Amino acid sequence: MAADTDTDLRHMRAALSLAARGLGRTWPNPSVGCVLVRDGAVVGRGWTQPGGRPHAETEALARAGALAKGATAYVTLEPCNHYGKTPPCSLALIGAEVARVVVACQDPDPRVAGGGLARLRDAGVAVTFGVCEAEALALNEGFFNRIQHARPLVTLKLATTLDGRIATRTGHSQWITGPTARAWGHRLRATNDAIMVGIGTALADDPELTCRLPGLEERSPVRIVLDGSLRLSPDSRLAATARILPTWVVTRDDHDPAKAAALTAQGVEILPVPADPTGRPDPAAALAALAGRGVTRLLVEGGATLAGALMGAGLVDRLEWFRAASLIGGDGLSAVTGFGVDRLDGMARFERTAVRVAGSDLAESYRRL
């Protein structure tokens with residue numbers, strides 16, 4: 001059934017805005033939005049709740065009640081079609097007697113994958129597909145990556161000078177960018193399932209890796225350290241608060257059991273993976289392990305060695321680059337270590353998707369080509 005362009009676009013964009021509220025909180029499930037419209041009025045709205053349940057459609061139907069009958073449902077992802085901890089949303093929509101369902105994109109999960117749309121059509125519900133599809137695919141790219149490629153969406157966040165330096169030659173780095181850029185960085189934390197740093201950054205900064213924006217403190221992501229030799233101290237801030245906020249250490253599968261025991265005693269979870277040729281945890285294996293735990297969106301904040309390893313393996317999907325209007329020079333520490341580029345055709349290439357002013361700094365967003 002063809003889309004009523006203006007009306008369908010307006011309501012689907014509202015559903016996408018609702019879906020975005022759940023980013024960083026719904027994993028391992030996607031973040032979905034649903035808007036129910038009857039006789040031109042919105043009668044129900046819903047979005048996926050923390051932990052992935054209840055689903056968006058269930059929330060919207062509950063708010064609409066009897067007004068859902070004869071309504072049009074705008075859903076950012078194909079309604080699920082399988083029984084899990086809850087019944088299928090496709091059946092819930094049919095049971096509520098909605099007249100039409102407008103869907104942005106298909107769910108690649110093999111348990112759904114077109115089945116939800118087919119069940120709706122078989123029940124006599126009019127279905128429109130593909131409204132705001134590109135936006136919906138981008139919003140849930142992390143979920144799609146986990147299902148289709150067994151790894152999360154990886155966003156590398158960098159805060160550098162104009163010449164790409166993250167610290168002086170002595171290691172001094174606080175603060176290169178200003179308070180607005182730092183606040184935006186914390187907002188990124190709030191919309192990702194997990195945040196990862198390398199052991200060098202963990203040792204140098206002893207970070208907390210929490211979201212400290214007022215009102216969003218509870219949206220701090222899982223903290224992850226890539227630490228091949230288990231050098232993270234049990235007394236570090238990350239380990240000492242592991243029982244309050246989940247903290248995982250990805251290490252080699254031949255790690256020292258005594259060091260692992262000291263960390264697990266603090267509540268840290270150890271995720272062993274094979275080593276790469278450098279002796280560090282293999283980055284692809286690390287991402288696969290995180291996907292196996294349900295992580296769909298991973299924010300990488302440092303340091304240069306971890307950034308270089310992920311770049312070299314082709315595992316960075318997006319860049320969030322904050323640039324200060326300053327220079328350090330060639331003896332400063334680079335944001336990304338070398339990853340073996342000999343010719344220009346071997347460069348990691350990205351397209352710029354946004355440029356914004358962040359106080360006295362510049363915030364640029366990129367997507368890998």
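Helices, taken as H or I of at least four residues, and strands, taken as E of at least two, are DSSP runs numbered from the N terminus. A183 lies in one such run, helix α7, which covers residues 179-190. The model shown in these views is predicted.

**View 1. A five-stranded open sheet has the order β2-β1-β3-β4-β5.** The pairing in this sheet is mixed. At the edges stand β2 (41-47) and β5 (126-129), each with a single partner strand, so one side of each has no neighbour in the sheet. From one strand to the next, the twist averages 15 degrees. Helix α2 (residues 56-64) packs on the sheet and touches β1, β2 and β3. The direction of α2 makes about 140 degrees with that of β2. Helix α4 (residues 115-122) also packs on the sheet, where it touches β4 (100-103) and β5. Between the directions of α4 and β5 the angle is about 150 degrees.

**View 2. Strand β1 pairs with β2 and with β3.** Strands pair through backbone hydrogen bonds, in a parallel or an antiparallel sense. The pairing of β1 and β2 is antiparallel, over six bridges, and L36 has G44 as its bridge partner in β2. β1 (residues 33-38) and β3 (residues 72-75) are likewise antiparallel, over four bridges; here V35 is partnered by Y74 of β3. Five of the six residues of β1 are buried, so the strand is largely enclosed by the rest of the structure.

**View 3. A hairpin is formed by β1 and β2, with two residues between them.** In the turn, D39 has a positive phi of about 55 degrees. D39 is exposed, because its relative accessibility is 77%. R38 forms a salt bridge with D39, and the closest N and O atoms of the two are 3.9 Å apart. R38 is partly exposed, with a relative accessible area of 29%.

**View 4. A salt bridge joins the side chains of R318 and E141.** The N to O distance is 2.8 Å. This pair links distant parts of the chain, 177 residues apart: R318 belongs to strand β13 (residues 318-323) and E141 to helix α6. Both residues, R318 and E141, are buried.

**View 5. R352 and E364 form a salt bridge.** Their closest N and O atoms are 3.5 Å apart. R352 is in strand β15 and E364 in strand β16 (residues 361-368), so the pair ties together parts 12 residues apart in sequence. E364 is buried, at 6% relative accessible area. Elsewhere, salt bridges with shared partners join D206, E208, R212 and R237 into one network. The structure holds 19 salt bridges.

**View 6. F339, V341, L344 and M347 make a nonpolar surface patch.** The patch has an area of about 340 Å². One of its residues, L344, lies in the loop between β14 (333-334) and β15 (350-358). L344 counts as exposed because its relative accessibility of 62% is over 50%.

**View 7. A150 sits in the loop between α6 (141-149) and β6 (153-160).** Apart from residues up to four places away in sequence, A150 touches L287, A288 and A291, among others. A150 is partly exposed, with a relative accessible area of 42%. A150 and S360 are 210 residues apart in sequence and 39 Å apart in space, C-alpha to C-alpha.

View 8. A183 and A242 are 59 residues apart in sequence, and their C-alpha atoms are 24 Å apart in space.

Key: Residues are numbered from 1 along each chain as its sequence is written. This is a predicted model: local features need pLDDT of at least 70, side-chain atom pairs count only at pLDDT 80 or more; totals for chains, interfaces and linings use all residues. Side-chain values use heavy atoms; hydrogens and water are left out. Two strands pair if DSSP finds at least two bridges between them. Axes are lines fitted to C-alpha atoms, for helices over the stretch in contact, and angles run from 0 to 180 degrees between N-to-C directions. Contact means heavy atoms within 4.5 Å. Patches are made of residues with over 30% relative accessible area and no salt bridge: like charges are joined within 9 Å, nonpolar side chains (Val, Leu, Ile, Met, Phe, Trp, Tyr) within 5 Å. Accessible areas come from the Shrake-Rupley method with a 1.4 Å probe; for residues, only the protein chains shown count as cover. A salt bridge is a side-chain nitrogen of Lys or Arg within 4 Å of a carboxyl oxygen of Asp or Glu. Buried means under 20% relative accessible area, exposed over 50%, partly exposed in between (1.4 Å probe, protein chains only).
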